[in-house]
Amino acid sequence: MTTTTDFTAESSKVELKAGAFTLLKLCMPELDADAIDGLLCERIAKAPDFFRNTPIVIDLTESEMEMAGSDLAVAVGAIRGYGLIPVGVRGGSKEFQEQARLLELAVFSDTRRTAKKESTKRSRTPSSSMPVATKVVDTPVRSGQRVYAQGDLVLLAPVSSGAEVVANGSIHAYTSIRGRVLAGVRGDEQAAIFCKDLRAELVSIAGRYKVSEDLDARFMGRLVRVTLLGDALVFKKL
């Protein structure tokens, strides 16, 4: 007699869970391998360790052109040549997205139109949702750890190098940050970062960022407020 084994969810150690990850985006109005080469050459020269083996998405959602897929393989090759790992694309034509699938890249949905529709809908309909509570962390965030807040994030303990703190809203750090600090990750351009002792590897608001090599030495190790003005991060001593 043949015996079969039923691998149920209770007996299996394998789980499928949703996760939230911060992905670097390469945003451009058109596919231009030379422009990609120039940009990555400049940025990686300043922070080679930060970009090494970093996953990246090719984002064409701001493009006014219907992007074909013929140059995608060249662009992907240029990106991989700098040690980054292209994992997907956003935007572009159906042909472009089909080419991405052939290259085994994920195709991320263009959320701009959906977000615009939802924003219009909310403006016409009174909101009954409760405000998102502020998340407070009073234990150290160590290398390799990641803390995420749906609203604002308050840090009462140090953030080590190699750690990451992420918030949809603003981040208030009453201690030292040596890892990555990302505020307004869902596109909130009014978000801000307040840090008592700024020593971060990366600072980002609503997708605009600076790595430590690009930070003005005047603000390192100081009490600082970071805001977004247009597409530029603005640092101010407090």
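Guide: What follows is a set of questions about the labels, each answered from values and definitions.
Guide: This is a predicted model, in which local features need pLDDT of at least 70 and side-chain atom pairs count only at pLDDT 80 or more, while totals for chains, interfaces and linings use all residues. Residues are numbered from 1 along each chain as its sequence is written, and side-chain values use heavy atoms, with hydrogens and water left out.

Visitor: Why does Asn53 count as exposed?
Guide: Exposed means over 50% relative accessible area, buried means under 20%, and partly exposed is in between (1.4 Å probe, protein chains only). Asn53 has 53% relative accessibility, so it counts as exposed. This residue is found in the loop between α2 and β2.

Visitor: What does Pro55 count as, at 30% relative accessibility?
Guide: The value of 30% puts Pro55 in the middle class, so it counts as partly exposed. Its place is in strand β2. Strands (E, at least two residues) and helices (H or I, at least four) are DSSP runs, numbered from the N terminus.

Visitor: Which residues does Pro55 touch?
Guide: Contact means heavy atoms within 4.5 Å. Not counting residues up to four places away in sequence, Pro55 touches Leu23, Leu24, Ile85 and Val87. Leu24 is 31 residues apart from Pro55 along the chain, and their C-alpha atoms are separated by 6.6 Å.

Visitor: What makes β1 and β2 a pair?
Guide: Two strands pair if DSSP finds at least two bridges between them. Four bridges join β1 to β2 (residues 55-59), and the two run parallel. Leu26 stands opposite Ile58 in β2.

Visitor: Why are β1 and β4 at the edges?
Guide: The open sheet has four strands in the order β1-β2-β3-β4, with parallel pairing. β1 (24-27) and β4 (106-108) each have a single partner strand, so one side of each is left without a neighbour in the sheet.

Visitor: How does the length of α1 compare with the expected span?
Guide: The expected span of a helix is 1.5 Å times one less than its number of residues. Helix α1 (residues 33-46) has 14 residues and reaches 20 Å from its first C-alpha to its last, close to the 20 Å expected.

Visitor: How do you know that the buried residues of α1 line one face?
Guide: The residues in question are Ile36, Leu40 and Ile44. The arc is that of the directions from the helix axis to the C-beta atoms. For α1 the buried residues fall within an arc of 40 degrees, so they line one face of the helix. On the other side, Asp34 and Ala45 are exposed. Among the elements covering the buried residues of α1 are β1, α2 (48-51) and α3 (72-81).

Visitor: What is the arc for the buried residues of α4?
Guide: In helix α4 (residues 94-102), Phe96, Gln97 and Ala100 are buried. They fall within an arc of 95 degrees, so they too line one face of the helix. The face turned away from them carries the exposed residues Lys94, Glu95 and Leu102. Cover for the buried residues of α4 includes α3, β3 (85-90) and β4.

Visitor: Is Ala206 buried or exposed?
Guide: Its relative accessibility is 12%, so Ala206 counts as buried.

Visitor: What makes a nonpolar core?
Guide: A nonpolar core is a set of buried Ala, Val, Leu, Ile, Met, Phe, Trp, Tyr and Cys residues joined through side-chain atoms within 4.5 Å. The largest one has 30 residues, of which Leu153, Leu155, Val165, Val203, Ile205 and Phe235 touch the most other members. A second, separate core has 27 residues, including Met28, Leu31, Ala47 and Ile58.

Visitor: Why is Thr175 called buried?
Guide: Thr175 has a relative accessible area of 13%, so the label is buried. Thr175 lies in strand β9 (residues 171-177), and among the residues it touches are Leu155, Pro158 and Cys195.
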